[in-house]
Amino acid sequence: MKQKIAVLGPGSWGTALAQVLSENGHEVNLWGNNPAQIDEINTYHTNRHYLPDIKIPEEIKGVKDLKTAIAGVDAILFVVPTKAIRTVAKQVAELVEGRPYLIHASKGLEQETHKRISEVIAEEIAEEKRKEIIVLSGPSHAEEVAVHDITTITAASEVEEAAKYVQELFMNDYFRIYTNNDVIGVETGAALKNIIAIGAGAIAGLGFGDDAKAAIMTRGLAEISRLGVAMGANPLTFIGLSGVGDLIVTCTSVHSRNWRAGNMLGKGKSLENVLDNMGMIVEGVATTKAAMELAESLAVDMPITATIYSVLYEGKDIQQAAKEIMLRDGKVENEF
């Protein structure tokens, strides 16, 4: 059944998801606050800064005004950076009419509060102004979805019918959606894998090989799972698409901006230089700080996160940090 969807955030992922929805026959408004970018989408049907060489379906309508973008929609899809979620959600709460489904495909934890994105949205948009909140997450690169590479991800909601609604919106022959009721686990895996991806990129930048890559991904998954379970997640979620699946794709692909950031750090670049030259948000940097503070408050051991934090926020030499984590006291592998 044709739906009207507002996609908030015309970055690479927002644009790719808007394309999937449009190709599935839905009416799509793509909202952004950069007028030149919206004009480009409407005039040339491109978004060259984020997805070079990709032609966007002409049916997608770029919209500059948020009220216009969300007027009469069946669902609103948030794909803005984590730091902008609360601000945009407040604006939506003031302007929204009816009760649309709220979907988000962003990955991170809010600074200071350490809250998951669905919690932030729920705080700002009252229940009487919305239906359920659904998380869309999993191993996916916008660059590959945009050219119809096979991708499988998860729609998570505490209400099964809401997750199925999103599954039906997006499913097609190259984009497959599974449902899940563990919102905490899906959001936690989505956020924390970006930290480990920075570490995996740094390992490569330092010149280490596949053994080191396997080590950081495996032990990274262990500490993601520890923190997630302490927050109330189902441990089985972390061996699924939004856990190990997202971890694999983010830690092994040059499409990953978190991996690229870590790689440049490993090659001796300063964090300031890395962020200045990335041209896009590197969510894992802010998430490292939030996760470190959250882990300390919950008394969860996260040595890889702590090591990456020391490099990003305390100026520790990255080669020395790698050496020190290897010289930690011996541990039991399956200690949880």
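**Helix packing around α9**

The axes of helix α8 (residues 183-205) and helix α9 (residues 210-231) come within 9 Å of each other and cross at roughly 150°. Axes here are lines fitted to C-alpha atoms, for helices over the stretch in contact, with angles running from 0 to 180 degrees between N-to-C directions. Helices (H or I, at least four residues) are DSSP runs, numbered from the N terminus. The model is predicted: local features need pLDDT of at least 70, side-chain atom pairs count only at pLDDT 80 or more, and totals for chains, interfaces and linings use all residues. Residues are numbered from 1 along each chain as its sequence is written, and side-chain values use heavy atoms, with hydrogens and water left out.

α8 and α9 are therefore roughly antiparallel. Angles over 145 degrees count as roughly antiparallel, under 35 as roughly parallel, 65 to 115 as roughly perpendicular and the rest as oblique. The crossing of α8 and α9 is right-handed, that is, the near helix is turned clockwise from the far one by less than a right angle. From α8, residues including I184, L192, I196 and I203 take part in the contact (heavy atoms within 4.5 Å). Ala, Val, Leu, Ile, Met, Phe, Trp, Tyr, Cys and Pro count as nonpolar, Asp, Glu, Lys and Arg as charged, and the others, Gly among them, as polar.

α9 also meets α14. Their axes come within 8 Å and cross at roughly 105°. The two helices are therefore roughly perpendicular. I216, R219, G220, E223 and R226 in α9 meet P303, I304 and T305 in α14. These residues divide into 3 nonpolar, 2 polar and 3 charged.

T305 lies in helix α14 (residues 303-314). T305 counts as buried because its relative accessibility is 1%; the cut-offs are under 20% for buried, over 50% for exposed and in between for partly exposed (1.4 Å probe, protein chains only). The side chain of T305 makes a polar contact with the side chain of E223 at 2.7 Å. Such a contact is a pair of N or O atoms within 3.5 Å; within protein, one must be able to donate a hydrogen and the other to accept it, and residues adjacent in sequence count only if both atoms are side-chain atoms. Leaving aside residues up to four places away in sequence, T305 touches I195, E223, T288, A291 and M292.

A142 is placed in helix α6 (residues 142-145). At 5% relative accessibility, A142 is buried.
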